[in-house]
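Here is a friendly note for anyone opening this structure for the first time. Please have the 3D view ready as you read.

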Amino acid sequence: MARLAEGAAVIYNCVNPPYHRWPADWPPIAASVLGAAERNGAVLVTLSNLYGYGPAAHSLGVGAYDAAHPMTEATPLAATGRKGRVRARVWQDALAAHQAGRVRAAEVRAADFVGPGAESALGERILGRVRRGKSVSVLGRADRAHTWSFTEDVAQMLVVAGTDPRAWGQAWHVPSNEPRSQRQAIDDFARAAGVGGVRVGTFPPVLMRGLGLVWPLMRELRETEYQFRDDFVMDSSAAQATFGLKPTPWQEIVAVTVRGR
């Protein structure tokens with residue numbers, strides 16, 4: 001990595017190892033990229049998610065991460081699951097190096113992706129059926145408030161984090177729209193696709209457990225099922241106020257996502 005990154009001004013770590021291998025693969029990947037940034041004097045910007053916060057709101061007795069208690073960059077990294085802990089560690093190691101003066105680092109945290117080709121709960125598994133007017137099944141509960149981050153807004157925040165010194169030494173949430181439940185988002189997609197409404201069901205927990213016996217992805221999703229079982233709302237006002245950024249309007253996101261551009 002140090003050789004490949006020679007001469008780089010910014011290194012963007014947007015790696016995504018196989019989901020079930022995060023605990024094994026993330027530490028050496030993150031250490032390699034951090035070392036390359038340190039050796040070459042490059043800014044290190046890591047793309048992350050909200051796993052590091054964990055389901056802490058529940059343990060604190062304030063319910064889900066709802067509109068009254070959204071996740072902010074000041075929310076403690078209190079994950080209890082394997083994937084959440086490893087994502088928190090990646091940032092903590094980079095921040096320690098930044099604070100020691102060895103590197104300039106920032107982290108960009110996105111909610112679940114939405115956008116053309118995005119791999120997410122609103123990805124092609126859902127969109128392909130919606131475009132044909134067919135029913136869909138979603139994870140968790142369909143009517144819980146949920147924040148979604150548009151992939152182009154993610155990219156814009158990454159560029160800002162790598163080039164604006166005000167971003168360094170901190171984590172930033174991607175500017176994102178007001179939350180939409182899975183049902184609301186799917187209804188929006190259906191209208192944009194011109195198919196009217198589609199039936200929205202949910203995966204029964206017993207089915208998820210059964211699939212987890214033979215499907216590693218489904219087994220790993222049990223760790224983060226709270227994100228779709230309850231409200232899961234992210235506040236991105238800090239990045240919006242600091243850098244003057246705004247999320248792409250939701251209806252524009254819906255239109256380009258349904259088209260698949």
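This is a predicted model: local features need pLDDT of at least 70, side-chain atom pairs count only at pLDDT 80 or more; totals for chains, interfaces and linings use all residues.

1. A search of the whole structure turns up seven aromatic pairs, and a few are worth a look here.

2. Start with Trp22 and Tyr51. Their ring centres are 5.5 Å apart and their planes meet at 35 degrees, so this pair is tilted.

3. Where do Trp22 and Tyr51 lie? Trp22 belongs to helix H1 (residues 22–40), while Tyr51 is in the loop between strand E2 (43–48) and helix H2 (56–59), so the pair ties together parts that are 29 residues apart in sequence.

4. Are these two residues buried or exposed? Trp22 is buried, with 4% relative accessible area, and Tyr51 also counts as buried, at 13%.

5. Next, turn to Tyr226 and Phe232, an edge-to-face pair with 6.0 Å from centre to centre and 70 degrees between the planes. Tyr226 is buried at a relative accessible area of 7%, and Phe232 is buried at 3%.

6. Finally, have a look at Trp168. The charged end of Arg104 sits over its ring, at 5.1 Å from the centre.

Notes
Residues are numbered from 1 along each chain as its sequence is written. Side-chain values use heavy atoms; hydrogens and water are left out. Rings of Phe, Tyr and Trp (its six-membered ring) pair if their centres lie within 6.5 Å; planes under 30 degrees apart count as stacked, over 60 as edge-to-face and the rest as tilted. Helices (H or I, at least four residues) and strands (E, at least two) are DSSP runs, numbered from the N terminus. Buried means under 20% relative accessible area, exposed over 50%, partly exposed in between (1.4 Å probe, protein chains only). A charge sits over a ring if NZ of Lys or CZ of Arg is within 6 Å of the ring centre and within 35 degrees of the ring normal.
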